[in-house]
Amino acid sequence: MPKKRIAVIEDDRSLNHGIVLALKHEGYQFTQYHSLAEARAGRADSACDLLILDINLPDGDGFSYLQEIRRASDVPVIILTANDLETDEVMGLELGADDYMTKPFSLMVLRARIEKAFGKGGTRRRSIYEADGFCFDFERMFFSRDGQEIVLSRTEQKLLRHLVENRGITLSRGRLVDAVWTDGAAYVDENALSVAVKRLRDKLEPCPQKPAYLQTVYGIGYVWQEGGRP
C-alpha cells in the first residue's frame with residue numbers, strides 16, 4: 001500500500017521540521033511548505049492526501065487559501081494555528097476544515113487527529129438530529145429550523161448537542177456545565193449556563209418566553225423535549 005502523503009504548510013521552520021520528524025515513522029510521506037506561494041507552486045492540495053495548514057502565514061491568510069482549496073478539492077485539512085478564538089475555530093470549520101488545533105499542541109494528539117482524518121479511528125458517524133422542523137448537523141456545524149439557517153456559537157452547539165443526544169432526560173445543571181465547559185468547569189459560574197440556555201431559546205424557540213423544546217425542570221436542570229410539549 002502506498003504511503004499517505006501529508007503536506008505541511010507552516011512558516012515556523014522548526015515546528016514544520018518537528019512535525020515531520022515526529023511522525024515520519026508512522027508510515028507517512030511529507031512535503032513541507034513555508035508560505036502560500038510555495039504551496040500554490042507545488043499544488044499542495046492536489047499533491048497530498050491530507051493538508052496541515054497554518055493560518056498566519058507570511059504572504060497571506062490561511063483561511064483564504066482554505067476557500068481556494070474547497071472550490072476544487074475535498075482533501076482533508078487540519079488547521080494548526082496560534083489563533084485560539086472561538087470565532088476563528090468556527091470560521092475554519094465552516095470554511096471546510098476537517099479539524100482545528102491550537103498551538104501549543106501535543107504531537108500525540110496531532111497523530112490521533114491525522115489517523116481520524118484518514119479513517120483509522122473507525123467509521124465516523126455523522127450526528128444529525130431532525131425533528132419538528134429542526135435540522136442539527138453537528139459535524140458540519142449547520143443548524144436550521146423550517147429551512148432557515150441558525151448560527152450558533154461553539155458553546156451553544158455543545159450545549160444543544162448534549163441536550164438532544166439525551167432528549168427526554170432531565171440533565172442537572174452541574175452535568176451540563178461539566179459537559180459544555182470541559183476545560184475548566186470548576187471555574188465556570190453557573191450563570192454562564194443560564195445565559196447559554198437563554199441564547200439557545202432565543203434562536204430556536206417559536207416563543208422563547210414560553211419554551212416548548214428546551215424546558216426548565218425547576219430545582220434540577222433542563223431537558224430537550226421532542227415534540228415541543230409546553
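Two strands count as paired here if DSSP finds at least two bridges between them. With that in hand, let's walk through this predicted model.

**The antiparallel sheet**

Strands β12 and β14 (residues 221-224) run antiparallel and are joined by two bridges. Within this pair, Ser 172 sits opposite Gly 221 of β14. Both strands belong to an open sheet of three, ordered β12-β14-β13 with antiparallel pairing. Because β12 (171-172) and β13 (214-217) each have a single partner strand, they stand at the edges, and one side of each is left without a neighbour in the sheet.

Helix α6 lies across β12, β13 and β14, and runs at about 70 degrees to β14. This helix spans residues 154-165 and includes His 162. Is His 162 buried or exposed? Its relative accessibility is 19%, so His 162 counts as buried, the cut-off being under 20%. Leaving aside residues up to four places away in sequence, His 162 touches Leu 171, Arg 175, Leu 176 and Ala 179.

**The parallel sheet**

Now to an open sheet of five strands, with parallel pairing and the order β2-β1-β3-β6-β7. Its edge strands, β2 and β7, each pair on one side only. On average, neighbouring strands of this sheet are turned by 20 degrees against each other, direction ignored. Helix α1 (residues 13-23) packs on the sheet, where it touches β1, β2, β3 and β6; the direction of α1 makes about 175 degrees with that of β2. Strands β6 and β7 pair in the parallel sense over four bridges, and Ile 79 has Tyr 100 in β7 as its bridge partner.

| Strand pair | Sense | Bridges |
|---|---|---|
| β12 and β14 | antiparallel | two bridges |
| β6 and β7 | parallel | four bridges |

Methods:
Residues numbered from 1 in each chain as written. Predicted model: local features only at pLDDT ≥ 70, side-chain atom pairs only at ≥ 80, totals over all residues. Heavy atoms only, no water. Axes fitted to C-alpha atoms, helices over the stretch in contact; angles between N-to-C directions. Contact = heavy atoms within 4.5 Å. Buried < 20%, exposed > 50% of the residue type's maximum accessible area, 1.4 Å probe, protein only.
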